[in-house]
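Here's a quick briefing on a helix packing and some aromatic pairs. Have a look at the model first, then read on.

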Amino acid sequence: MRYGLPRSPSPSPVRYPRRTSGFGLPSDSESEPEEPVSDFDHTPSSPSSLLDSVCFDSDGEPPVVSPSTRREPRSPADRRHVEETVAAIRLRTRHHDPYEEWEKQARKDALRTARKEQAEILLETHEQCGKRRDQDLQMLATTHDQQIAEVQQLLSELKLKQQSELNQLRIQWSEQDRAQQERIERVIRLEEENHRKKLEAERKKHEEEERQRKLEEEKRLAEEEKKRQEEEQRQRRKEAEEAVQRARDEAEREKRASFAAAEKRRNALGMTLPEEDWARARQTLKNLKAGPMKAIKGNKALKQQWSAIRRQITPKIGQLTQDPATITRITSQILELVHPQQGFSEALYLAILSSLAKAILLQAETEVTAEKKSAIPLALVTANLLERLPAFTDIFFAKLVQRSGGWPVPSVIPSTDVDGAAWTDATRTKVMGYRVSSGEQESMGDYVTRVAGMMRVYFLVMVAPVAKPLDSMFRLPRYWTYFTRMMNDERLLSTAVAAQLLYAALDVGGMEAKYIWGKQWVKLLELLHEAATVGFGGKSDTLLGGQTPEGKAACVRVQLEIENIVRSA
């Protein structure tokens with residue numbers, strides 16, 4: 001129900017409704033619809049409420065009500081009506097509605113239930129998503145493993161197929177080589193047979209003509225013909241001898257000119273012949289023995305000083321490890337011993353260098369034979385010493401030739417010494433680098449292993465990093481020269497030592513040589529592979545390394561190392 005009071009006939013200012021209920025109080029429920037405000041709703045119940053509910057158009061002071069415009073006092077009935085209306089309003093504002101309370105509580109319970117169900121649904125959804133994600137990951141891992149297995153199986157099949165095709169190609173190459181050799185020999189035999197028949201026919205024809213001529217000339221011309229033939233034969237022999245002599249002289253001149261031009265080119269490029277390198281090393285060794293070593297051993301004080309330094313060098317060489325700090329430390333210690341600030345006499349200095357080279361080579365013979373990786377620090381120290389010690393290059397190479405024969409060159413030992421003296425069996429064995437103990441020469445297996453250990457250090461020195469270039473005997477181009485010299489001498493290639501040294505050289509620098517020389521290096525390896533598989537010139541009895549057990553084993557290692565280098569990227 002609504003309550004209202006009659007409006008006063010007095011004029012009033014423009015009023016705006018406040019955001020309150022019709023009685024100037026806040027609404028009990030937000031859900032109740034608002035009703036249109038009538039003039040009765042804005043009728044104040046008292047002068048104070050009238051002032052509270054009235055808003056003026058301007059922010060200035062309220063208009064002053066003149067005494068002539070004030071309303072007349074209400075009657076007792078009007079005042080009673082107002083009091084009843086106020087009492088009814090108070091009663092309504094304090095009324096407690098159970099339905100509204102139930103409705104509020106129902107909304108709260110519904111909201112709480114909805115939030116709980118939403119949380120459960122979200123949790124269930126997250127769990128399902130996690131399970132589905134785990135299933136997808138497991139399925140992906142299974143698929144990945146299957147794909148890896150399929151790829152590995154495919155690679156294995158491709159490798160087997162490649163090996164089968166390679167074997168078939170090798171068989172085809174061998175059959176083609178054999179067929180071509182047979183065809184060439186058959187053609188040669190046919191040509192020889194035709195030439196023999198032609199010569200036989202010409203001989204018979206000539207004999208028949210000669211017989212007829214002799215019958216026609218009879219006895220009167222027999223002596224004259226005989227003298228004339230003898231004179232012609234003498235003249236032909238003389239001309240033939242002169243032609244042969246002229247050809248020999250011309251060939252000798254061409255040979256001398258060719259040798260002179262080749263020597264000039266070699267000198268310009270700093271290249272030498274194998275015989276010259278061996279003679280240089282041999283002469284250095286003889287000069288060292290006849291000069292400084294003889295003087296040191298003849299002077300007791302110098303000999304004691306030399307022996308003391310030599311005893312300090314040997315243990316330092318034996319302390320080498322793969323640690324770079326150790327390599328640097330031992331190099332510095334050896335330089336301080338060999339080349340101190342105060343310096344030594346020339347004879348003592350050269351004798352110390354000889355002992356240093358011998359200690360390095362002895363360490364290579366023992367340690368590298370047992371473990372080839374031990375050659376790396378030994379080669380690094382050797383390269384540092386070759387770089388910093390004057391005259392150590394010639395002495396070290398001479399000592400290397402002394403202990404391993406002509407293999408560092410490589411070269412076959414000549415028939416005489418550098419001074420022209422002929423070898424005896426004992427001196428030739430010593431010059432070839434063989435050890436003799438109690439009158440017995442070491443076995444071929446021991447000799448091959450020992451020389452290979454020293455040569456591995458030599459090859460590592462060629463490829464070792466240095467601050468400045470070493471002598472030409474220890475630079476990387478010497479690596480190529482070593483292979484070409486070895487390939488040009490079948491006498492060297494047919495020994496077990498050559499096969500083992502070639503394997504050591506390929507193991508040390510084969511890959512680096514491929515990066516430097518490229519296709520030229522591959523061609524050289526193809527020739528070497530042919531020598532290791534079918535022999536020189538296709539002859540199976542001239543395989544690399546010969547027919548000894550050591551040579552066959554080294555030949556197989558060379559073949560495998562070449563294939564590994566060629567297959568590498």
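This is a predicted model: local features need pLDDT of at least 70, side-chain atom pairs count only at pLDDT 80 or more; totals for chains, interfaces and linings use all residues.

A residue counts as buried under 20% relative accessible area, as exposed over 50%, and as partly exposed in between.

- Trp480 and Trp517 make a tilted aromatic pair, with 5.3 Å from centre to centre and 55° between the planes.
- This pair links distant parts of the chain, since Trp480 sits in helix H13 and Trp517 in helix H15 (residues 496–517), 37 residues apart.

- The whole structure holds 17 aromatic pairs.
- In one, Phe397 and Phe474, the ring centres are 6.4 Å apart and the planes stand at 90°, so the pair is edge-to-face.
- Phe397 belongs to helix H10 (residues 392–404), while Phe474 lies in the loop between helix H12 (444–463) and helix H13 (477–487), 77 residues away.
- Phe397 is buried at 5% relative accessibility, and Phe474 is buried at 2%.
- Phe397, Phe474, Trp480 and Trp517 are among the members of one aromatic cluster, which also includes Tyr458 and Trp521.

**H6 against H8**
- The axes of helix H6 (residues 300–318) and helix H8 (residues 346–370) come within 9 Å and cross at roughly 30°.
- That angle makes H6 roughly parallel to H8, and the crossing is right-handed.
- Residues in contact include Leu302, Trp306 and Ile313 from H6, and Leu348, Ile352 and Leu356 from H8.
- By class, the H6–H8 contact has eleven nonpolar, five polar and one charged residues.

Definitions and conventions. Residues are numbered from 1 along each chain as its sequence is written. Side-chain values use heavy atoms; hydrogens and water are left out. Axes are lines fitted to C-alpha atoms, for helices over the stretch in contact, and angles run from 0 to 180 degrees between N-to-C directions. Helices (H or I, at least four residues) and strands (E, at least two) are DSSP runs, numbered from the N terminus. Angles under 35 degrees count as roughly parallel, over 145 as roughly antiparallel, 65 to 115 as roughly perpendicular and the rest as oblique. A crossing is left-handed if the near helix is turned anticlockwise from the far one by less than a right angle, and right-handed if clockwise. Contact means heavy atoms within 4.5 Å. Ala, Val, Leu, Ile, Met, Phe, Trp, Tyr, Cys and Pro count as nonpolar, Asp, Glu, Lys and Arg as charged, and the others, Gly among them, as polar. Rings of Phe, Tyr and Trp (its six-membered ring) pair if their centres lie within 6.5 Å; planes under 30 degrees apart count as stacked, over 60 as edge-to-face and the rest as tilted. Buried means under 20% relative accessible area, exposed over 50%, partly exposed in between (1.4 Å probe, protein chains only).
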